[in-house]
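Me: I would like a close look at a single part of this protein, with the rest brought in as background. Please keep it plain.

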Amino acid sequence: MNYKEAFKKFQNQPRKKNIQRKPKQKSFIKTMIILVIFVVFIFIPVSELIINTVTNIVETTDEATSSFDGNGNTDLTSFNLNQDSSRGDYNQNFTNSDGGAFVYQNKLYISLNGQLIKYDAHFENSEVLEESSCDHIYVDDRGCFYENDNDFIFLDFNGKRKTLLNEVSHCYVLDQKIFYIKDETLYCLTIDENMNEIDNKKMVDDTYEFNVDDQNQHILYTNNDYESKLIDFNGTSLKQNVDNYGNAYFIDGFLYYREYDGIYKTDFSSDEGELVQAASDIYRFGVGQDEENEKVIVYGENYDNVLNAYFDDDSYALYDDARDFYIIGDKVIFFTYDDHYTRHYFISSYDGEYAPFEE
């Protein structure tokens, strides 16, 4: 074989390197496709898991930082109702237009969850007295008085009801007298032991709201121009143009009221009141009394909806999102809202212990 023939034979030989390279390229592409598919199928559930985990963390954080706490720091049965409401507690209840509470013979009568309910002293038993919520609740040895749908009703301890007044508001019971507002006029109804009318006297026109001083038989009323005046039970004017205190009520002959720097009290014998509790951030308040320990407790809700108890030189933050409250003796009942705007009610002592009512 000469040189030319040998070279020609070499040219005609198949190129093994090129033949081997083509299968490798196909294998690489196929591997990459499989890898991409694998990553896609793995990434989607993993990403969903990550998203769900982050969402759960956010939701849990929202729940953890929510102001609503349905647990309390004690149970309801630890609150023994061993002190009846005083007239001062009733005055506080009377100025509250969003339900109320009253304790008589160690039983709690409260407008709760759209009903008027009676609890026993240890909260172990309850009884529904009225199927709709009530205002201005007052109880004595005759029975229970309350407003319901603009009617004023008397309910005796045997369950017998009697409507005493229709289309009225701000009904206040004092022995045989019932003070109330009808058509922006203040009246005084006098009843006998059978709840029958003896007299119904018009006292003063142009009345928006009023407070009763049972000890001195005075009434502080406010007209529709927000001017306050002091009168006696006969309607005789005692003091004209009294400063409009707002969120004020009588206890033991003193009017407790709020100023910019705290809670004051006055008997109207002078133009200046006496400072009871210095607290500049209170915008709604009430005064309770611990009769056993002879303490006066100021319950105050500040502008951040924090409910505090002030007494002597001490103070406790009771709850950080209270919306309103009713005082019963030395304790306070308040409510708050959850994320669904549902009310939840609690009872608290002034030393900071609180528990939820069963719903």
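**A charged patch and its surroundings**

Reply: D206 counts as partly exposed because its relative accessibility is 32%; the class lies between buried, under 20% relative accessible area, and exposed, over 50% (1.4 Å probe, protein chains only). The model is a predicted one, in which local features need pLDDT of at least 70 and side-chain atom pairs count only at pLDDT 80 or more, while totals for chains, interfaces and linings use all residues. Residues are numbered from 1 along each chain as its sequence is written, and side-chain values use heavy atoms, with hydrogens and water left out.

D206 sits in the loop that links β12 (197–204) to β13 (209–213). Strands (E, at least two residues) and helices (H or I, at least four) are DSSP runs, numbered from the N terminus. Together with E167, D183, E184, D225 and E227, D206 forms a negative surface patch. Members of a patch have over 30% relative accessible area and no salt bridge, and like charges are joined within 9 Å. A salt bridge here is a side-chain nitrogen of Lys or Arg within 4 Å of a carboxyl oxygen of Asp or Glu. Asp and Glu count as negative, and the charge is placed at CG of Asp or CD of Glu.

Strand β11 covers residues 185–191 and includes T190. T190 counts as buried because its relative accessibility is 16%. Leaving aside residues up to four places away in sequence, T190 touches Q176, K177, N196, E197, I198 and D199, a contact being heavy atoms within 4.5 Å.

Q217 has a phi near 55°, a positive value in a residue other than glycine. With a relative accessible area of 46%, Q217 is partly exposed. Q105 also has a positive phi, near 50°, and is not a glycine. Q105 is placed in the loop between β1 (101–104) and β2 (107–112), and it counts as exposed because its relative accessibility is 53%.

As background, the protein has three helices and 28 strands. Of its 359 residues, 44% count as buried. The accessible surface comes to about 20,200 Å², with 47% of it belonging to carbon and sulfur atoms; such areas come from the Shrake-Rupley method with a 1.4 Å probe. Among contacts with a separation of 6 or more, residues 24 or more positions apart account for 39%.

Terms used
Patch = residues over 30% accessible without salt bridge, like charges linked within 9 Å, V, L, I, M, F, W, Y side chains within 5 Å.
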